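Here's a quick tour of a protein model, put together for someone just starting out.

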Amino acid sequence: MSMTRPTESHRERAQLSVAQQQRVVVPNNHGEKLVGILHKTGSKELVIVCHGFQSSKDRIPMVNLAAALEREGISAFRFDFAGNGESEGSFQYGNYRREAEDLRAVVQHFRGKEYVITAIIGHSKGGNAVLLYAAKYNDICTVINISGRFHLERGIEGRLGQEYLERIKQNKFIDVKNKKGKFEYRVTEESLMDRLTTDTRAACLMICKDCKVMTIHGSLDKMVPVQDAFEFDKFIPDHKLHVIQGADHEFTSHQDELDSLVLDFIRANHQKDRPPCKRAVDIVNSRM
């Protein structure tokens, strides 16, 4: 996992708006408290920002994206999924669909506070969460997937080692350690199968044709190959793809370009009193 932190320039910008930030706790469907930061602008239009694997609301690009939205007068909420950051619950390797349900709890919470959810944004694994959400609920018409993984069956051996399926079936779990041999987290057979049975292609096909989706990926992403971005482009009905040349997984040196793409996409697709997205009839049947 990359340990990149916000650059000084972006940190200074974010500090300008600290007074407008509010800690908010949202209960999920499992009774766990999800902790997030609301960037208040006075506007009831809200964008929700989701983090990735073993990450949190306080990592880039989540902090910088929320701050950029706030500077544009758009309220933003970045939060920790259950088992991550400050939120309650135990960390799980899979949890793809459950994290989509965490997002649902957040959406419903703010709708209850009379906010209008303008867009949902997810980075890395959070990108999968927003797409799974869009596929199931079809009620938010602007979705941004940043560095999401299409082929969930790939990238596992690098973390779990060779013959991981045989080993986990025998022992029921695999303990993942860092390069120094220190324990990081446990992967259970159930959580691994959650990942392997999450059908990204089927989810993409279920996203309604009225939902505008953009995928942003870095050409030098070493965590998730840029080729995955082109797979999303094949199967999402209304999709825009943008590859940032030279960018890594967290867009370390390309934050301004990332912010600009996100803001432009949200502005372009914003329509007041736009009706909720509806499922297209020909994509209801799915293996999701």
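Take Glu72 as a test case: its relative accessible area is 41%, so it counts as partly exposed. Keep in mind that this is a predicted model.

- Let's start with Lys57, which you'll find in the loop between strand S3 (45-50) and helix H2 (62-71).
- Is Lys57 buried or exposed? Its relative accessibility is 1%, so Lys57 counts as buried.
- The side chain of Lys57 makes a polar contact of 2.7 Å with the side chain of Asp80.
- Leaving aside residues up to four places away in sequence, Lys57 touches a whole group of residues, including Val35, Gly36, Ile37, His51, Phe79 and Glu86.
- Lys57 also belongs to a network of salt bridges, together with Arg23, Asp58, Arg78, Asp80 and Glu86.

**Salt bridges**

- How many salt bridges does the structure hold? There are 20 of them.
- One joins the side chains of Arg23 and Glu86, at 3.5 Å from N to O. This pair links distant parts of the chain, with Arg23 in strand S1 (residues 21-27) and Glu86 in the loop between strand S4 (75-79) and helix H3 (96-112), 63 residues apart.
- Glu86 has a relative accessible area of 43%, so Glu86 is partly exposed.
- Another brings together the side chains of Glu72 and Arg267, at 3.0 Å from N to O. Glu72 sits in the loop between H2 and S4 while Arg267 is in helix H10, so this pair ties together parts that are 195 residues apart in sequence.
- Arg267 is partly exposed, because its relative accessibility is 43%.
- Glu99 and Lys125 form a salt bridge too, with their closest N and O atoms 3.5 Å apart.

**Aromatic rings**

- You can describe a pair of aromatic rings by the distance of the centres and the angle of the planes.
- The structure holds twelve aromatic pairs. In one of them, the ring centres of Phe150 and Phe235 are 5.8 Å apart and the planes are at 15 degrees, so the pair is stacked.
- Why does this pair tie together separate parts of the chain? Phe150 lies in the loop between strand S6 (142-146) and helix H5 (157-160), and Phe235 lies in helix H9 (residues 227-235), so the parts they join are 85 residues apart in sequence.
- Phe150 and Phe235 are both buried.
- Elsewhere, Phe77, Phe79, Phe81, Phe110 and Tyr115 make up one aromatic cluster.
- Lys44 lies over the face of Tyr115, at 4.2 Å from the ring centre.
- Over at Phe173, the charged end of Arg186 sits over the ring, 3.7 Å from its centre.

- Which kind of peptide bond runs from Ile60 to Pro61? That bond is cis, with omega near 5 degrees. Pro61 is in the loop between S3 and H2.
- Ser124 isn't a glycine, yet Ser124 has a positive phi of about 60 degrees. You'll spot Ser124 in the loop between strand S5 (116-123) and helix H4 (125-137).
- With a relative accessible area of 13%, Ser124 is buried.
- Phe251 has a positive phi too, near 55 degrees, and is likewise not a glycine. Phe251 sits in the loop between strand S10 (239-244) and H10, and at 0% relative accessibility Phe251 counts as buried.

**Helix H10**

- Helix H10 (residues 255-269) has 15 residues, and at 1.5 Å a residue they should span 21 Å; the end C-alpha atoms are 21 Å apart, so the two values agree.
- Among the buried residues of H10 are Gln255, Leu258, Asp259, Phe265 and Asn269.

Key: Residues numbered from 1 in each chain as written. Predicted model: local features only at pLDDT ≥ 70, side-chain atom pairs only at ≥ 80, totals over all residues. Heavy atoms only, no water. Helix = DSSP H or I, 4+ residues; strand = E, 2+ residues; numbered from the N terminus. Buried < 20%, exposed > 50% of the residue type's maximum accessible area, 1.4 Å probe, protein only. Polar contact = N/O pair within 3.5 Å; in protein donor to acceptor, adjacent residues only side chain to side chain. Contact = heavy atoms within 4.5 Å. Expected span 1.5 Å × (residues − 1). Phe/Tyr/Trp six-rings, centres within 6.5 Å; stacked < 30°, edge-to-face > 60°. Lys NZ or Arg CZ within 6 Å of the ring centre and 35° of its normal. Salt bridge = Lys/Arg side-chain N within 4 Å of Asp/Glu carboxyl O.
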